[in-house]
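These are my notebook entries on one protein chain. I record what I looked up and the cut-offs applied.

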Amino acid sequence: MESAMETGHARVPEALASEKTKKGSKTRSRRRWRKGKAKASRLTNTMDLRTMTQSLVTLAEDNMAFFSSQGPGETARRLWDVFAGIREQALGLEPPLGHLLGKAHLFDLDAETPANGFRSLVHTARCCLAHLLHKSRYVAANRRSIFFRTSHNLAELEAYLAALTQLRALAYYAQRLLDTNQPGRLFFEGDERLIADFLREYVTLHKGCFYGRCLGFQFTPAIRPFLQTISIGLVSFGEHYKRNETGLGVTASSLFTSGRFAIDPELRGAEFERITQNLDVHFWKAFWNITEIEVLSSLANMASATVRVSRLLSLPPEAFEMPLTADPKLTVTISPALAHTGPGPVLVRLISYDLREGQDSKELSSLVKSEGPRSLELRPRPQQAPRSRSLVVHIHGGGFVAQTSKSHEPYLKSWAQELGAPILSIDYSLAPEAPFPRALEECFYAYCWAVKHCALLGSTGERICLAGDSAGGNLCFTVSLRAAAYGVRVPDGIMAAYPATMLQSTASPSRLLSLMDPLLPLSVLSKCVSAYAGGETEDHSDSDQKALGMMGLVRRDTALLLRDLRLNASSWLNSFLELSKHKAHTNLVPVVEPMRRSVSEAALAQPEGPLGTDSLKSLTLHDLSLKGSSETSENPELSLSAETLASSTPSDVNFLLQSEGTVEAAKAQEEMSTKDRSRGVGAAFPEGFHPRRSSQGATRMPLYSSPIAKNPFMSPLLAPDSMLQSLPPVHIVACALDPMLDDSVMFARRLRSLGQPVTLRVVEDLPHGFLSLAALCRETRQAAALCVERIRLILAPPDPRAAAAPV
């Protein structure tokens with residue numbers, strides 16, 4: 001009995017040991033596989049394009065020969081077909097990639113910053129080729145093994161073949177842009193019909209392959225599990241949205257309960273494509289605001305730095321006076337935002353690591369808007385800290401349609417701790433309910449309020465930095481331009497992370513990356529821009545009207561009426577430049593009165609003229625493009641006047657500079673451009689090549705071309721030289737794989753050409769919006785630290801005398 005019991009007791013640890021051995025073996029196997037993949041990736045990154053292509057073709061042919069000898073089975077035939085397709089696409093992809101790579105250096109900011117959309121597209125194609133090379137090697141080494149997972153490897157090869165085919169199509173599109181566009185310019189200019197045709201052709205491409213098994217293949221591996229979770233959550237949220245659950249009643253746990261999407265990448269990719277193409281901006285607003293669900297925001301805040309102050313303030317809509325920088329004895333009235341909805345409070349969030357002087361004053365406490373127990377952290381700290389010399393005014397991103405400072409609070413708390421400065425984050429009104437220029441008006445009002453009341457915020461205001469990401473970066477630039485136009489203090493510098501500087505519907509090489517970007521698809525970007533421009537028009541079926549209800553219909557119809565009135569009264573654009581009718585150093589007092597009026601008020605009072613409401617609707621891109629600086633040098637505060645809106649010829653629209661390297665090839669390229677423009681968009685592909693087309697039907701993507709989108713206060717890249725020369729030092733942190741990369745590159749090139757201080761740092765292998773992922777992995781933490789370093793350069797600039805002193 002005892003021996004039996006002893007034996008029984010002995011078997012338990014033996015069984016456990018055996019199980020541990022099996023698990024350890026599996027773990028080691030997975031580790032070996034990952035190490036092999038990393039090694040293959042390193043090897044392929046050191047290969048030139050020709051060597052990589054030849055290696056892949058050789059492996060594909062070897063695998064084709066093997067599987068052709070395995071009999072007439074269906075699986076063997078499919079494996080032969082997939083390797084034959086890989087061979088064909090790899091050989092077809094090499095020439096256009098080589099052509100792009102040979103010209104890409106002409107579009108860099110400088111030799112130390114090799115970054116633009118052409119380079120990014122080539123890098124993305126190389127990532128796909130590298131994955132296929134690694135997988136082909138794996139198949140060649142393991143195809144005879146009894147443990148070879150045929151169906152899994154076949155599905156992955158087919159998915160990456162589809163991705164490679166679409167990347168080849170993008171390479172041809174990029175080559176067409178390179179050959180057709182003006183020399184040295186990343187954004188497509190010229191015939192608007194050709195632009196529209198190009199975009200319509202582009203959006204018909206199949207995208208689902210990039211959202212299934214290949215999801216995020218171009219990004220750093222640490223990002224991919226997060227993207228997979230987001231994609232499952234997105235398609236699950238889409239199911240709730242279809243049932244009229246527009247996000248208000250969705251719980252955090254219900255977003256990831258659709259098991260069929262989790263286990264079937266192809267199904268998930270197809271659904272992801274359907275959602276991105278067909279659901280309206282209200283869906284994206286609801287989905288992006290998920291991070292503000294109490295459970296998720298609480299978890300994010302638990303993982304972030306603990307700060308002494310996090311208070312939501314409500315700034316009353318009251319006008320106040322600001323001194324003019326040219327003569328502080330004179331003042332200008334800063335009026336509250338009035339556009340579209342009339343005066344209303346502006347919400348801002350004050351974040352400070354330490355409780356500083358002024359932050360617990362009665363005056364500031366009277367502005368606090370209750371948020372419950374989150375308003376003021378109760379962690380005890382020693383006595384009050386003195387006021388900081390610095391202040392950061394932050395403007396959040398979210399495509400102009402979603403999110404608040406609460407979504408961005410986790411990384412803002414880290415900033416407050418690292419910088420030792422209070423941060424004021426602005427919660428501006430969002431589109432489509434509050435389109436342009438409401439957000440700009442509110443951000444400008446809040447910025448001026450912060451400058452005037454910096455003592456209440458715990459700062460002396462000696463150094464002020466404007467910082468923002470994505471749409472917030474756009475608003476940082478336009479707020480500074482408006483401050484210069486008003487003659488008030490501009491910030492000491494701007495830090496913009498992956499900003500949007502060109503909102504006009506057009507094509508660029510980096511925009512092509514939106515075909516595969518799961519966080520910023522082109523159709524979603526277009527809907528957000530259209531909503532911000534006031535052109536969000538969605539067809540509502542009868543079922544939609546029933547879901548809206550009577551009050552919903554009233555609100556919708558009122559919004560449509562206001563939109564029509566707004567578009568028909570486009571002459572409000574001229575009000576931005578009322579200030580420019582007087583020079584900064586003369587007649588300052590008369591300038592004050594026009595500045596008391598809002599954009600909307602000025603629009604209503606604007607008399608009809610040669611650029612009245614009827615004529616403005618029929619103007620073309622070149623008619624509305626801005627004159628060069630030679631015609632506007634007498635108006636340093638220039639924004640948008642009748643002079644700058646006058647008709648211009650294409651030669652006047654030279655706001656995108658030519659680099660030295662492009663001049664030599666300009667003649668040949670222009671001759672080719674004339675020939676290519678007459679060939680149509682379909683000529684981008686060689687004979688016999690047919691990319692995969694989307695099966696999701698017509699894409700609901702508005703190709704919005706309103707004159708408003710060309711306003712420099714909406715697209716600062718289109719601002720004339722005289723406006724851009726008023727900007728403070730600019731520090732841009734961009735992503736190499738971001739569809740908005742060309743916005744940053746071209747904006748930095750324009751500023752550099754004007755002699756303006758500007759830096760551009762481009763981080764590799766990270767997606768748009770990495771600041772919100774700062775805690776996710778080492779790469780995002782390093783990128784976020786780079787943003788903090790740029791802000792620190794503004795708040796505490798290095799002393800040039802110390803740098804020049806002998807050691």
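I counted a contact wherever heavy atoms lie within 4.5 Å. The model is predicted, so I noted that local features need pLDDT of at least 70 and side-chain atom pairs pLDDT 80 or more, while totals for chains, interfaces and linings use all residues. Residues are numbered from 1 along each chain as its sequence is written, and side-chain values use heavy atoms, without hydrogens and water.

Entry 1, R692. Leaving out residues up to four places away in sequence, I found that R692 touches L161, A162, Q166, L205 and H206. I then looked up K207: it is 485 residues from R692 in sequence, yet their C-alpha atoms are 8.7 Å apart. R692 sits in the loop between helix 23 (666-677) and helix 24 (721-724); helices are DSSP runs of H or I with at least four residues, numbered from the N terminus.

Of the 807 residues, 56% are buried. Among contacts between residues at least 6 apart in sequence, 83% join residues at least 24 apart.

I read helix 2 as residues 49-68, with 20 residues and 28 Å from first C-alpha to last. This is close to the expected 28 Å, computed as 1.5 Å times one less than the number of residues. Its buried residues include L49, M52, L56, N63 and F67. At its start, a side-chain oxygen of D48 comes within 3.0 Å of the backbone nitrogen of R50.

Notes
Buried means under 20% relative accessible area, exposed over 50%, partly exposed in between (1.4 Å probe, protein chains only). Helices (H or I, at least four residues) and strands (E, at least two) are DSSP runs, numbered from the N terminus. A polar contact is a pair of N or O atoms within 3.5 Å; within protein, one must be able to donate a hydrogen and the other to accept it, and residues adjacent in sequence count only if both atoms are side-chain atoms.
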